[in-house]
Amino acid sequence: PLDCSSLDEFARQLNISTANIGWCCDPLAEISAMVYCSGATPNRVQKIAMIGMGLTGSIPTFTSFPSLVELEVASNRLSGSLPSDFLGASPDLVKLDIANNDFSGIVPALDKNSRLEYLAFYSNALSGTLPSFSSLPALSVLGAGNCLFHGPFPDFVHNPNLSEVYL
């Protein structure tokens, strides 16, 4: 796909050996058990699913994956703070699961991700106040428990689809 060089950089930042992974794929084919392409022209990465793989390092920005719909990197050993723009170029993102890692700092604004339906960042060392989720009208599941948040609880009045909240 067009995203081959971005995938190589992504793998490098997360200390993934690319020796046995063929990142580039034919249309409609899986790149691997972890990365899926759109199958459309141009062929773009739509899903990255690397749960419980022992990944280390800091999470990169995803500005090179404009067609990303799902990002699942839960239950690894990823650390550091979340870049302020790490999802800014993925406006079609529907699912973000970064739970059970070692992220610290604050949760960045997700106001450019209005299609987000599933958001899980529980069991990290994230701190500060919980951000407003008013710019996420499609949000239906929020997992934010077991972190170091303090301060006022956000108002969920602008989240009519929110059916599950774990704090």
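Predicted model: local features only at pLDDT ≥ 70, side-chain atom pairs only at ≥ 80, totals over all residues.
Three bridges join β1 to β2, and the two strands run antiparallel. Residues are numbered from 1 along each chain as its sequence is written, and side-chain values use heavy atoms, with hydrogens and water left out.

Read from the N terminus, the order is α-β-β-β-β-β-β-β-β-β-β-β-β. Of the 167 residues, 44% count as buried; buried means under 20% relative accessible area, exposed means over 50%, and partly exposed is what lies in between, with a 1.4 Å probe and protein chains only.

The β1-β2 pair belongs to an open sheet of seven strands, ordered β1-β2-β4-β6-β8-β10-β12, with mixed pairing. At its edges are β1 (35-37) and β12 (164-166), each of which pairs on one side only. From one strand to the next the twist averages 10°, where axes are lines fitted to C-alpha atoms (for helices, over the stretch in contact) and angles run from 0 to 180 degrees between N-to-C directions.

A second open sheet has five strands in the order β3-β5-β7-β9-β11, and here the pairing is parallel. Its edges are β3 (56-58) and β11 (148-149); each has a single partner strand, so one side of each is left without a neighbour in the sheet. As for the details, β3 pairs with β5 (residues 77-81) in the parallel sense over three bridges, and S58 has S79 in β5 as its bridge partner. On the next step, β5 and β7 (residues 102-105) are also parallel, again over three bridges. S79 turns up here too, with D102 as its bridge partner in β7. As background, strands of a sheet pair through backbone hydrogen bonds, either parallel or antiparallel.

Now for the charged side chains. The structure holds four salt bridges, a salt bridge being a side-chain nitrogen of Lys or Arg within 4 Å of a carboxyl oxygen of Asp or Glu. One of them brings K47 and E70 together at 3.7 Å, N to O. K47 lies in β2 (residues 45-49) and E70 in β4 (residues 70-72), so this pair ties together parts that are 23 residues apart in sequence. Both partners are partly exposed, K47 with a relative accessible area of 26% and E70 at 24%.

K47 also forms a salt bridge with E72, with the closest N and O atoms 3.9 Å apart. That pair links distant parts of the chain, with E72 in β4 and K47 in β2, 25 residues apart. E72 counts as buried, at 8% relative accessibility. The side chain of E72 meets K95 as well, in a salt bridge of 3.0 Å, N to O. With E72 in β4 and K95 in β6 (residues 95-97), the pair ties together parts that are 23 residues apart in sequence. K95 is partly exposed, with a relative accessible area of 23%. Through shared partners, these salt bridges join K47, E70, E72 and K95 into one network.

On a 1 Å grid over the protein atoms alone, a cavity is a set of points where a 1.4 Å probe fits but cannot get out, and lining residues have an atom within 4 Å of a point. Grid points are joined across faces, edges and corners, and a volume is the space filled by probe spheres set on the points. By this rule there is one cavity of 30 Å³ or more, and the largest cavity has a volume of about 40 Å³. Its lining consists of L82, F86, L96, I98, V107, P108, L110, L119 and F121. By class, the lining of the largest cavity has nine nonpolar, no polar and no charged residues, with Ala, Val, Leu, Ile, Met, Phe, Trp, Tyr, Cys and Pro counted as nonpolar, Asp, Glu, Lys and Arg as charged, and the others, Gly among them, as polar.

How values were computed. Pairing = 2+ DSSP bridges. Helix = DSSP H or I, 4+ residues; strand = E, 2+ residues; numbered from the N terminus. 1 Å grid on protein atoms, 1.4 Å probe; cavity = no way out; pocket = protein on both sides within 12 Å on 5 of 7 lines; lining within 4 Å.
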